[in-house]
Amino acid sequence: MNKLHALIGPMGFDEPARSPGALSAENAAAILAAVGDVSLVLAPDGTILDLSVSSKDLAQHGLNTWRGRAWVDTVTVESRLKVEEMLRGGGDGARWRQVNHPTANGEIAVRWLAMPLGGDGRLIAIGQDLRTQAAAQQRLLQTQQALERDYIRLRQAEARYRMLFDEGSEPVLIVDAGTRRIREANPAAHALLGVAAGSLSNQPASALFEAADRETLIAYFGAAEAADAAPPATLRLVRSRGTARVFARLFRQARAVLLLVRIAPLIEDSGGVRHEARLDELVERMPDAFVMTDANLSILTANAAFLELTEAASADRVDGAPLSRWLGRAGIDLELMMGQLRDHGVVRNVSTILRGDTGGQEEVEVSAVAAPDGDSTCYGFTIRSVGRRLRSVPDPVRDLPRSVEQLTELVGRMSLKDIVRESTDLIERLCIEAALAYTDDNRASAAEILGLSRQSLYSKLHRHGLGSLVSGDDAS
C-alpha cells in the first residue's frame, strides 16, 4: 500500500546528474523559457538581471522592459508582500504564488515560482499567465450563471404551467400520440369523470368515453395529428357523465409527440339537448297543431297534427311554404293576428278557419306568440280544431235557441212576413255582435269581415242599439 502511494506521489529525477546530465547554458535557458510564459533571472536583492518573455501578448503589455528593475516594483501594492516573501525565502520551499502586475491596459495576473539559480544567491522566477485560466474561469462562471438563470426561468415557467394546469376549470389531458395513453390529467378532468386524483395517468384516453364512441375518438386523434384545424369531436363520457366536445392539438416535447386534449363538457347543453329532444318529441306528438314560422310567416317546422289538418303528405310539403296558404280567411285573420303579435307579442284563442290541400275546411282556434330569433323574429302558432266541439256543445253566449223560441211564440200574433223580418234582424244583430267580438270591437275590421261598408255597419249598429257611432279605434 505504501509502495502504491509512493508511485502516485510527486517525484523528481532519480539520477539528475546522469539522466538529464549537464545542460549547456543555451539549453537551460531554452528550457526555462519554455516552462513559463515569462522567466526572470533575479539578483539576490530582487533586481531583474535578465528575462525571457515567450508570450507575445505579455510582451505587448511591457513585460519585456523589466530588465534592471526591482521585481517588487513591477507588482501591485497588494502583491508586494508575496514577492518579498519569495525573495526572502530564496527559493526554499518554493510554491506557486499569484501576483498581479499593473500595466497600461490593466492588471495582469501571473503565477510565479521562484527557485535558486546556482549558489551565488541568484533566483530564477518562472511565471505563468493566468489570464487564459481566468478567462476560462470567467466563462465557466458566466455559464453557471446562465444555467442558473435558465433553471430559474424553467422553474418559474413550470410553476406557472402547473398552476394553470391544476387551477384551470377546463378538463385537460396530455396524451401520448403513440400509445394514446394519458400522461397527465388536471384536477378538472378527474372531477369531470368523478375519479380520484391521479387515477387517470397512464390510462387509455379512449377509456374516458363510451365504448361506441372510442373508434370515433381514435379517428379524431388521427385527424388532429394530420391537421391543426381538425374540427372538435362530440363524444359521450363514460358512466353517464354527459356529452363533451373534444379538442386535440399535436405538439412535440423532448422528441416525444404528444396531444393536448381539451374536454368541453356539454353538461348544460347535454341536458338542453335531452330536453330539446323530449320537447321536440312532445311537440310532434301533441294533439294540437303546432307551426313555427319566420318573420315572413314562412313555415320553418310543423308537427304531425298540422300535417293532418292540412292534409299534407309530408313535412317537406309544408317547409318553407307560407302559413296563409292554409290558415285564416284571406287578407283578414292573419293580418289581425300579426297586428296583435306586433303590439302585444301574443294572441290567444282566435277563431278562424284552416283549409286543407284537398279542399276541406276546418274551424280552428289559434294562439300565437312572437319570439326573438337573432336579429329577426319567429312566431309559434298552436292551432286547435274546434269544429267538433262547436257542433257538439251549444254556445250559450249566442243565445240562439232562446231567440228561436221567442220567434216561435210570435206565430199567430204576427204575420209571417213580420216574423221573417224579425228573424233577419236577429241574425243580423248576432252576426254583428260576433264580428265585434272577433275583432275585439274593431269596427273597421268587423265591417270588412261582414262585407259591409263602414257607414253601413254604423247604421246597423245604431239601428240595433249596439253602442255609439264612433268607436275608440275610429276616433284615433
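**View 1. A five-stranded open sheet.** The sheet runs in the order β2-β1-β5-β4-β3, with antiparallel pairing. This is a predicted model: local features need pLDDT of at least 70, side-chain atom pairs count only at pLDDT 80 or more, and totals for chains, interfaces and linings use all residues. Residues are numbered from 1 along each chain as its sequence is written, and side-chain values use heavy atoms, with hydrogens and water left out. Strands pair if DSSP finds at least two bridges between them. The strands themselves are DSSP runs of E, at least two residues, and helices are runs of H or I, at least four residues; both are numbered from the N terminus. In general, strands of a sheet pair through backbone hydrogen bonds, either parallel or antiparallel.

**View 2. The β3-β4 pair and the helices on the sheet.** Seven bridges join β3 to β4 (residues 106-116) in the antiparallel sense. H101 has I108 of β4 as its bridge partner. Helix α4 (residues 80-89) packs on the sheet and touches β1, β3, β4 and β5. The direction of α4 makes about 125° with that of β3. Helix α2 lies across β1 (38-42), β2 and β5 (123-129). It runs at about 35° to β5. Contact here means heavy atoms within 4.5 Å. Axes are lines fitted to C-alpha atoms, for helices over the stretch in contact; angles run from 0 to 180 degrees between N-to-C directions.

View 3. L23, I31 and V35 make a nonpolar surface patch of about 250 Å². Patch residues have over 30% relative accessible area and no salt bridge; nonpolar side chains (Val, Leu, Ile, Met, Phe, Trp, Tyr) are joined within 5 Å, like charges within 9 Å. Areas come from the Shrake-Rupley method with a 1.4 Å probe; for residues, only the protein chains shown count as cover. L23 sits in the loop between α1 (2-8) and α2 (25-35). L23 counts as partly exposed because its relative accessibility is 46%. Buried means under 20% relative accessible area, exposed over 50%, and partly exposed in between.

**View 4. The R131-D57 salt bridge.** R131 and D57 form a salt bridge, with the closest N and O atoms 2.2 Å apart. The pair links distant parts of the chain: R131 lies in helix α5 (residues 131-167), D57 in helix α3 (residues 56-60), 74 residues apart. A salt bridge is a side-chain nitrogen of Lys or Arg within 4 Å of a carboxyl oxygen of Asp or Glu. R131 is partly exposed at 24% relative accessibility, and D57 is partly exposed at 32%.

**View 5. Further salt bridges.** D120 pairs with R122, the closest N and O atoms being 2.7 Å apart. D120 is partly exposed, with 45% relative accessible area; R122 is partly exposed too, with 32%. D357 and R325 meet in a salt bridge at 3.9 Å, N to O. D357 is in the loop between β13 (346-355) and β14 (361-373), and R325 is in the loop between α9 (304-310) and α10 (333-344), 32 residues apart. D425, E428, K460 and R463 are linked in a network of salt bridges. The structure holds 20 salt bridges.

Key: Buried means under 20% relative accessible area, exposed over 50%, partly exposed in between (1.4 Å probe, protein chains only).
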